[in-house]
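Dear colleague,

Please find below the structure for your records. The findings follow directly after it.

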Amino acid sequence: MKKRAIIPILYIVFLMLPIYWLVAMSFKTTQEILGGFSLFPRVWTLASYKTIFTDPTWYWGYINSIIYVTINTLISVTVALPAAYAFSRYRFLGDKQLFFWLLTNRMAPAAVFALPFFQLYSAIGLFDTHVAVALAHCLFNIPLAVWILEGFMRGVPKELDETAFVDGYSFPRFFVQVFLPTIKAGVGVAAFFCFMFSWVELLLAKTLTAVYAKPIAATMTRTASSAGYELGLLAAAGTLTIIPGAIVIWFVRNYIAKGFALGRV
Amino acid sequence: MRKVNQRGWFFVLPVLILVAFNALVPMMTVVNYSVQETFGNNQFFWHGLGWFQDILRSERFHASLGRQALFTFMILAIEVPLGVIIALSMPRKGFWVPVCLVTMALPLLIPWNVIGAMWNIFTLPDIGLLGYFMNHVLGVNYNMTQDPVAAWITVIVMDVWHWTSLVVLLCYAGLVSIPDAYYQAAKIDGASNWSVFRYIQLPKMKQVLTIAVLLRFMDSFNVYTEPFVLTGGGPGNATTLLSIDLVKIALGQFDLGPAAAMSLIYFAITLFVSWLFYTLMTRNDTQ
């Protein structure tokens with residue numbers, strides 16, 4: 001048993017090394033970074049973080065990202081709930097084909113869609129808004145949410161629905177008051193994965209925004225190329241993008257693995 | 001069995017509208033471009049299947065498709081077995097379980113270009129932790145901006161770093177669903193570790209492993225942001241994967257026709273291989 005523990009420990013060390021380096025870098029001064037190699041920051045400085053929290057182009061990047069990720073998660077989970085219910089409870093014309101078609105949208109390379117997305121969202125006047133990014137991310141998040149929720153809903157016995165209808169519940173009341181609480185773990189997992197994929201995606205988010213809804217990750221690429229490669233600042237911005245993810249993982253840690261395991265292949 | 005109820009369509013309608021809006025309209029735009037030629041000024045001419053023929057015969061496309069296939073093959077060959085091994089050696093209960101899960105899931109939640117930037121900083125020859133270690137402690141000449149082999153290894157290691165955890169989490173989910181009684185029975189029968197794995201753990205993991213292989217295939221075949229930020233496709237064209245090449249043609253050179261034709265071929269390959277994996281891996285279920 002003891003010998004086995006070596007493998008996960010080594011793996012976690014491997015995972016933590018680049019993250020450690022990013023965090024260490026963010027507390028160093030620019031002179032120290034460019035001056036040579038040092039394992040720990042010799043002089044601790046918060047200058048990089050101060051720049052980020054006082055410069056609106058930086059901190060608005062975070063706010064923009066959080067706004068569109070939240071909108072996307074809300075839309076995806078809300079529309080996926082009834083659809084997943086239908087897939088898990090009813091048979092209807094073309095249900096299998098529809099389910100498969102939904103999943104194929106996860107296979108389309110985002111690079112393929114970048115230009116047409118730009119034209120589409122410009123044409124309907126949503127370019128450079130949070131809603132545009134949130135809607136675009138629905139392409140891959142809705143299928144995923146439907147897939148995960150369907151798995152959880154299939155695990156709920158049908159007798160629950162039947163009993164509730166016999167007791168005189170109307171469908172909407174049953175869905176909200178009886179059904180939703182029984183699958184709340186599933187809703188949590190689906191929301192987690194929607195948050196995750198919307199948070200990490202950059203190509204579409206960058207293509208669909210210019211100034212007002214620019215995500216933090218795009219702000220980083222611009223700064224890296226224009227301001228003469230300020231590594232400390234880049235490292236600090238990168239470190240801050242890890243934090244929201246870490247917080248979300250902590251809340252759903254007991255369900256992360258379960259979410260995919262229950263999905264239907 | 002599920003009831004036949006066409007009311008299901010009303011339930012899926014919102015999903016259908018939103019996904020179709022995002023999938024069909026851009027897809028039609030791409031199809032539209034792929035059969036037309038333009039000389040600027042927004043004037044388009046019918047070009048038939050010309051672009052498709054050009055792309056399928058082009059050396060450049062073959063080269064980047066080859067690199068993409070090699071990349072995806074290596075990713076699957078490393079990440080899937082590694083993920084299974086790590087999942088098997090993880091603790092099943094106790095204090096360390098949430099610690100393992102949270103730290104392992106962390107790379108999955110970092111924005112993709114931050115991952116590229118992070119690895120860039122990590123591998124800088126003189127001031128990055130890995131770069132310094134390789135060059136000054138091990139004495140290996142390591143510079144991924146000049147050496148194609150080093151660039152390839154770095155791109156692969158970065159992807160292993162980024163995505164192996166997904167395989168681990170999925171396999172772990174499959175493993176914890178095995179009741180203890182199975183293991184006790186195996187112990188009484190005097191089964192070896194290998195037969196426990198082969199006849200108890202592997203069959204239980206099969207479903208999640210199918211999902212893992214499919215997801216890893218789709219995502220590694222479509223990977224763009226991380227290798228692009230890390231190497232920019234270089235040195236030379238050494239790490240120009242299919243998606244990087246596609247974006248170069250579409251947004252760099254603005255050759256919309258060839259780029260659109262290439263997108264469709266690309267999508268068709270992804271779809272076909274996913275279908276193949278899915279069919280092969282679930283073949284025995286129906287028998």
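The axes of helix H1 (residues 6-26) of chain A and helix H5 (residues 112-123) of chain B come within 9 Å and cross at roughly 85 degrees. Here helices (H or I, at least four residues) and strands (E, at least two) are DSSP runs, numbered from the N terminus. Axes are lines fitted to C-alpha atoms, for helices over the stretch in contact, and angles run from 0 to 180 degrees between N-to-C directions. H1(A) and H5(B) are therefore roughly perpendicular to each other; angles under 35 degrees count as roughly parallel, over 145 as roughly antiparallel, 65 to 115 as roughly perpendicular and the rest as oblique.

On the side of H1(A), the residues that meet H5(B) are A:Pro18, A:Trp21, A:Leu22 and A:Met25. Their counterparts in H5(B) are B:Met118, B:Trp119, B:Ile121 and B:Phe122. By class, the contact of H1(A) with H5(B) has 8 nonpolar, no polar and no charged residues. In this classification Ala, Val, Leu, Ile, Met, Phe, Trp, Tyr, Cys and Pro count as nonpolar, Asp, Glu, Lys and Arg as charged, and the others, Gly among them, as polar. Two residues are in contact if their C-beta atoms, placed from the backbone, lie within 7 Å.

Some conventions apply throughout. The model is predicted, so local features need pLDDT of at least 70 and side-chain atom pairs count only at pLDDT 80 or more, while totals for chains, interfaces and linings use all residues. Residues are numbered from 1 along each chain as its sequence is written, and chains are lettered from A and ligands numbered from 1 in the order in which they are written.

Chain A

Chain A contains 14 helices and 1 strand, and its C-alpha trace spans about 75 × 60 × 30 Å along the principal axes. Of its 265 residues, 47% are buried. A residue is buried if 20 or more other C-beta atoms lie within 10 Å of its own, exposed if 12 or fewer, and partly exposed in between, with C-beta atoms placed from the backbone. Among the contacts in chain A with a separation of 6 or more, 78% are accounted for by residues 24 or more positions apart.

The domain assignment of chain A gives domain 1 (1-45) and domain 2 (56-261); such bounds come from an automatic or database domain assignment. The C-alpha centres of the two domains of chain A lie 31 Å apart. Their contact takes 8 residues from domain 1 of chain A and 7 residues from domain 2 of chain A. On the side of domain 1 that touches domain 2, the elements giving two or more residues are H1 and helix H2 (30-35) of chain A. H1(A) supplies the largest share of that side, 4 residues. By class, that side of domain 1 of chain A has 4 nonpolar, 3 polar and 1 charged residues.

Helix H10 (residues 184-200) of chain A has 17 residues and reaches 24 Å from its first C-alpha to its last, close to the 24 Å expected at 1.5 Å a residue. The expected span is 1.5 Å times one less than the number of residues in the helix. H10(A) is mostly covered, with 12 of its 17 residues buried. Among them are A:Phe192, A:Phe193, A:Phe195, A:Phe197 and A:Trp199.

A:Asp128 lies in the loop between helix H6 (110-123) and helix H7 (130-154) of chain A. A:Asp128 has a positive phi of about 65 degrees although it is not a glycine. With 16 other C-beta atoms within 10 Å, A:Asp128 is partly exposed.

Chain B

Chain B has 12 helices and 3 strands, and its C-alpha trace spans about 75 × 70 × 30 Å along the principal axes. Buried residues make up 43% of its 287 residues. Of the contacts in chain B between residues at least 6 apart in sequence, 71% join residues at least 24 apart.

B:Ser34 belongs to helix H1 (residues 8-34) of chain B and counts as buried, with 23 C-beta neighbours inside 10 Å. Leaving aside neighbours within four places in sequence, B:Ser34 is in contact with B:Trp51, B:Gly257, B:Ala260, B:Ala261 and B:Leu264.

B:Val35 is placed in the loop between H1 and strand E2 (36-38) of chain B. B:Val35 is partly exposed, with 18 other C-beta atoms within 10 Å. Beyond its neighbours within four places in sequence, B:Val35 is in contact with B:Trp46, B:His47 and B:Gly48. The C-alpha atoms of B:Val35 and B:Gly48, 13 residues apart along the chain, are separated by 5.0 Å.

With kind regards
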